[in-house]
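This briefing goes through one protein model, from a single loop residue to the chain as a whole. Please keep the sequence and the 3D view open while reading.

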Amino acid sequence: MKLIAITDDRHQVLELASKIMQIQNVVDFIHIREKKKSARELIRLLELLLDKGVPKDKIVFHDRLDAALLSGIRNIHLPGHGLPTKQVRAKFPFMRIGCSVHSFEEAKQSEEDGADYVLYGHVFETNSKAGLAPRGVKELEEIKKRLVIPVYAIGGITADRVDDIHVDGIAVMSGLFSAENPKAAAMYYLEKCKERTMIGEIL
């Protein structure tokens, strides 16, 4: 089970870089989702991370194909309202493309359009989606059964809820970037992911 860190758009560039550096050896991917930051700020953040040795293939840009192409990052994540997956795949076949989905139909269409993985949510209640009912795990598990590409879950996933998720990985935002000790939090999530993987192999 993969562990994906998703930035929360609440920290200045230097502080965010520091938090990412604390967890970069623990998580599988670092998803840069900074809607309020300019392209220049995103490039500055990336420069700081690369200077500290963060591998390029671990970094994912959210909805910023321009920044990804300019900086040689091959991982792009497309939100539901973002660029069409099929067109991005046709134009940039070398990119690893992920898509945010909220239903089986969207997930299946993303797979058919050339996505490399889908991110489904929000699964549980979360402050970032206040007032919106969570989607739960039933449809998430159905998506996992019927898709070939990896399926990841997002939304209100605390470490104690990892056992309830039976997909390829989890994406965590506030659980990491709002933690007093991001590295300790990431390590705890990682252990839970390893336990979930072992149980899945046994079953």
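Which residues does Glu125 touch, not counting residues up to four places away in sequence? Glu125 touches Pro134, Gly156 and Arg161, where a contact means heavy atoms within 4.5 Å. This is a predicted model, in which local features need pLDDT of at least 70 and side-chain atom pairs count only at pLDDT 80 or more, while totals for chains, interfaces and linings use all residues. Residues are numbered from 1 along each chain as its sequence is written, and side-chain values use heavy atoms, with hydrogens and water left out.

**Glu125 and its loop**
- Glu125 lies in the loop between S6 and H6; helices (H or I, at least four residues) and strands (E, at least two) are DSSP runs, numbered from the N terminus.
- Glu125 counts as exposed, at 61% relative accessibility. The classes are buried for under 20% relative accessible area, exposed for over 50%, and partly exposed in between (1.4 Å probe, protein chains only).
- Gly155 is 30 residues from Glu125 in sequence, and the two C-alpha atoms are 6.9 Å apart in space.
- The loop between S6 and H6 also holds His122.
- The peptide bond that joins Gly121 and His122 is cis, with omega about -5 degrees.

**Positive phi values**
- Most residues other than glycine have a negative phi, and most peptide bonds are trans.
- Asp9 has a positive phi, near 60 degrees, and is found in the loop between strand S1 (2-6) and H1.
- With 12% relative accessibility, Asp9 counts as buried.
- Asp63 also has a positive phi, near 60 degrees; its place is in the loop between strand S3 (59-62) and helix H3 (65-71).
- The relative accessible area of Asp63 is 29%, so Asp63 is partly exposed.
- Gly114, which follows H5, has a positive phi near 110 degrees.

- In helix H1 (residues 13-23), the buried residues are Val13, Leu16, Ala17, Lys19, Ile20 and Ile23. They are on the same side of H1, because they cover an arc of only 165 degrees around the axis; the arc is that of the directions from the helix axis to the C-beta atoms.
- Helix H5 (residues 104-112) has Phe104, Ala107, Ser110 and Glu111 buried. Their arc around the axis is only 125 degrees, which puts them on the same side of H5.
- Glu105 and Glu112 are exposed on the other side of H5.
- Helix H4 (85-91), strand S5 (96-101), strand S6 (117-120) and helix H6 (138-146) are what the buried residues of H5 pack against.

**The chain as a whole**
- The protein chain has eight helices and eight strands.
- A compact globule of 203 residues would have a radius of gyration near 17 Å, and the 16 Å of the protein chain agrees with this. The radius is taken over C-alpha atoms, and the globule rule is 2.2 Å times the number of residues to the power 0.38.
- Along the principal axes, the C-alpha atoms fill a box of roughly 45 × 40 × 35 Å.
- Of the 203 residues, 50% count as buried.
- Of the contacts between residues at least 6 apart in sequence, 57% join residues at least 24 apart.
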